[in-house]
Protein chains: 2
Amino acid sequence: MSKDKVIRMEHGAGGEPMQALIRDLILNNITNKSAGPVGLDDLDDGATINIANTMDGSKKCDEIVITTDSHVIKPPFFPDSNIGRLAVSGTVNDLAVMGAAPLALTCAIVVPEGFELESFEKIIKSMNAAAEEVGVPIIAGDTKTVERNGLDSIIINTTGIGIAGDVIRDSGLCPGDKIILTGTIGDHGISLLAHREGFDFSTDLVSDVAPLWNMIRAVIPIRNVEGKPAISAMKDPTRGGLAGALNEMAQKSGTGIIIHQRDLPIKESVSSACEMLGIDPLEVANEGKAIICVKAEHAEEALSIIRNHKYGRDAAIIGEATDGHSGKVLMKTIIGSMRYVDIPTGDLIPRIC
Amino acid sequence: MSKDKVIRMEHGAGGEPMQALIRDLILNNITNKSAGPVGLDDLDDGATINIANTMDGSKKCDEIVITTDSHVIKPPFFPDSNIGRLAVSGTVNDLAVMGAAPLALTCAIVVPEGFELESFEKIIKSMNAAAEEVGVPIIAGDTKTVERNGLDSIIINTTGIGIAGDVIRDSGLCPGDKIILTGTIGDHGISLLAHREGFDFSTDLVSDVAPLWNMIRAVIPIRNVEGKPAISAMKDPTRGGLAGALNEMAQKSGTGIIIHQRDLPIKESVSSACEMLGIDPLEVANEGKAIICVKAEHAEEALSIIRNHKYGRDAAIIGEATDGHSGKVLMKTIIGSMRYVDIPTGDLIPRIC
Ligand SMILES: Nc1ncnc2c1ncn2[C@@H]1O[C@H](COP(=O)(O)OP(=O)(O)OP(=O)(O)O)[C@@H](O)[C@H]1O
Ligand SMILES: Nc1ncnc2c1ncn2[C@@H]1O[C@H](COP(=O)(O)OP(=O)(O)OP(=O)(O)O)[C@@H](O)[C@H]1O
Ligand SMILES: [Mg+2]
Ligand SMILES: [Mg+2]
Ligand SMILES: [Mg+2]
Ligand SMILES: [Mg+2]
Ligand SMILES: [Mg+2]
Ligand SMILES: [Mg+2]
């Protein structure tokens, strides 16, 4: 069987190979793909469910949003955090970037025999702490075991249900909108890599994993004089990093994006680790950051609200959407040249989420 | 580290050890456990979410139901079916036994590198066929890859959102209610075991995996003269088998249950395989069966509706709820004696769902 006919690690890396797999083998084979305005074909951070039949038809209704993520990170405990906090944060963040307040989470665990109960409990406690931080209950779950030679570490799926007044879609980006990044890039991926490989770049190199709803909920109410939401699009730059997420927004909205390298928040330790390892920090996963696209006239207001929050202290306006370069992302480098920022193709750092 | 301090296969077997794990390490460590009338502490087939703020407060509202299951079955292709059909059916059935029509499913896949794309696509097609059968869209998902030495087979999590006019709870069982089982027991577990071990008991020994919503939706509308639902409780006897599910219903409702061995639908092939292997068929998992508890005066009507459906042809009234033996399940054996039917403790057949 040829190399092309089997799953490769890149199929889970968030870049082009994964997108092709999802498109060719999943979207193509599913008949019914939506239960509301945002469905599977939209490939957004989540989907919406129309429950209009239960609602008063006369007024605009809130929408139910659903999202799911499985987490296979290895090792399950990593600098400053663990898979439990990651699993809750990841799902809360996918709801948040859809503009949805988290209503409830489910927690499905697959665990190999021999896994220590003490670690298991620590993970549950971390899930609970992250859930408490944003006030979301965990209401159902599932627990399966696998022989020790069939699985090497714990896997946690969290699915989230949220409710949104205005669903915020990747495709909402418009020329002129400012692009805010809520903090430094690459912390999660690089800290994981360093931890796993035993590198010791610096002590401030820890994962950024965090549930962002409390920060994001503070900017959602910003509206223009006509009452329209100031936020046009949002995304969490997880697998595929900033490069992947910006490209998805550009493609789906048909606008171009220009970011400015000098404005990109990045820790010195991450930057030098990336240089040493030959990794582009734009392609590294983050687990506690959001890209928030805002109407230009509200950008400073949004930025200052975000910076007031503990998870947004390093937030910056990193660029803007443009009329030209439709569907493409460009970066103005520190030396003043322009380069395309492409969708990642490889599998830089496996199993980091 | 002592044997007691780590996960054992029994922790995923649906019996007492799993219940203890969930209670001691999960329920005890989660602060917020509900988003509606049925929450995590109820340990029902799913939970409910209150979205009253979006609804017209003046009338009784439908309830949103959520449920999740991860599937680790090995091998992923088994007699007559595969993990894809299982994953969709399992979640549809957990919604159905809560009385909920499926609104949408999510699909989160974890797959090892080297897994054949052809098998991957077959699995997706089976998910789609099962979803189409009950008209439920698949609206979001996630795809992660794991190195081939970290995982030996594909894992699929499906989470389902449903909507119910009257949520049906395990605890609803009342003395006098008749207990209908919608078909033969043990088919899934025993066919898996036979397939995996290379036994060849008989050709009719195939998995019963099926999405039961179309059958169950036909009995939900049955009501008494006061308009009260005839169905008092429902459950799908998956891990832990009939014994596990009946015990949960008995414990949660505080009623006793008596079943009659002579009325238990069981295939000759399953029965003889169980005898040969020393397995109690009451403890074997089913994936296309429901236990439907009905007010006695509606039992025959419900039974005939169920038997009219292709997945209910072998349905039978297998017993009744009683005033005595509170919280316990008894079986009147073929030879006329009574025996307790206990919650399974062991791990009879691993990784069958
Ligand atoms: N197995 C699958 N079945 C159905 N849809 C899928 C599947 N895998 C991914 N998708 C869809 O593809 C899109 C991209 O998924 P992806 O997991 O990259 O999003 P994300 O959760 O925002 O990112 P990450 O998983 O890195 O946090 C989403 O719309 C998702 O619903
Ligand atoms: N990891 C977990 N976190 C939270 N709740 C859990 C977890 N595992 C199981 N539960 C809860 O425990 C109860 C029993 O779960 P179980 O998986 O046995 O139910 P089921 O899905 O009906 O059965 P099966 O998985 O065999 O189909 C459910 O209410 C479920 O929500
Ligand atoms: Mg996302
Ligand atoms: Mg995500
Ligand atoms: Mg389950
Ligand atoms: Mg169930
Ligand atoms: Mg189930
Ligand atoms: Mg995802």
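Which residues coordinate the magnesium ion (ligand 8)? I found D69(A) (OD) and D142(B) (OD), at 1.9 to 2.1 Å. Donors here are N, O and S atoms within 2.8 Å of the metal (3.2 Å for Na, K and Ca), and water is not among the atoms, so sites may look incomplete.

Before going on, I noted the conventions. The model is predicted: local features need pLDDT of at least 70, side-chain atom pairs count only at pLDDT 80 or more, and totals for chains, interfaces and linings use all residues. Residues are numbered from 1 along each chain as its sequence is written, chains are lettered from A and ligands numbered from 1 in the order in which they are written, and side-chain values use heavy atoms, with hydrogens and water left out.

D69(A) is in strand β2 (residues 63-71) of chain A and D142(B) is in strand β6 (residues 138-146) of chain B, so the pair joins two chains. Helices (H or I, at least four residues) and strands (E, at least two) are DSSP runs, numbered from the N terminus. I also noted that D69(A) bridges the magnesium ion (ligand 8) and the magnesium ion (ligand 4), 3.7 Å apart.

Buried means under 20% relative accessible area, exposed over 50%, and partly exposed in between (1.4 Å probe, protein chains only).

I then checked the magnesium ion (ligand 5). Its protein donors are D142(A) (OD) and D69(B) (OD), 1.9 to 2.1 Å from the ion. This pair also crosses between chains, from D142(A) in strand β6 (residues 138-146) of chain A to D69(B) in strand β2 (residues 63-71) of chain B. D69(B) bridges the magnesium ion (ligand 5) and the magnesium ion (ligand 7), which are 3.7 Å apart. Both D142(A) and D69(B) are buried.

**Entry: ligand 2**

Where does ligand 2 lie? I find it between chains A and B. There are 18 residues around ligand 2, and G141(A), T143(A), D44(B), T238(B) and R239(B) come nearest. A residue is near if one of its heavy atoms lies within 4 Å.

A polar side-chain atom of D142(A) is 2.8 Å from an oxygen atom of ligand 2, and a side-chain N or O atom of D69(B) is 2.9 Å from an oxygen atom of the ligand. For D94(B), I noted 3.0 Å between a polar side-chain atom and an oxygen atom of ligand 2. On its own ligand 2 has 620 Å² of accessible area, and the protein covers 93% of that.

Which element gives the largest share of the shell? It is β6(A), with five residues.

C174(A) is in none, and the nearest cysteine sulfur, that of C293(A), is 9.9 Å away. C174(A) is partly exposed, at 30% relative accessible area. C353(A) is also in none, with the sulfur of C107(B) nearest at 16 Å. C353(A) counts as buried at 5% relative accessibility.

**Entry: I258(B)**

I placed I258(B) in strand β10 (residues 256-260) of chain B. At 13% relative accessibility, I258(B) counts as buried.

Definitions and conventions
Disulfide = S-S within 2.5 Å. Polar contact = N/O pair within 3.5 Å; in protein donor to acceptor, adjacent residues only side chain to side chain. Areas by Shrake-Rupley, 256 points an atom, 1.4 Å probe, with all protein chains shown as cover.
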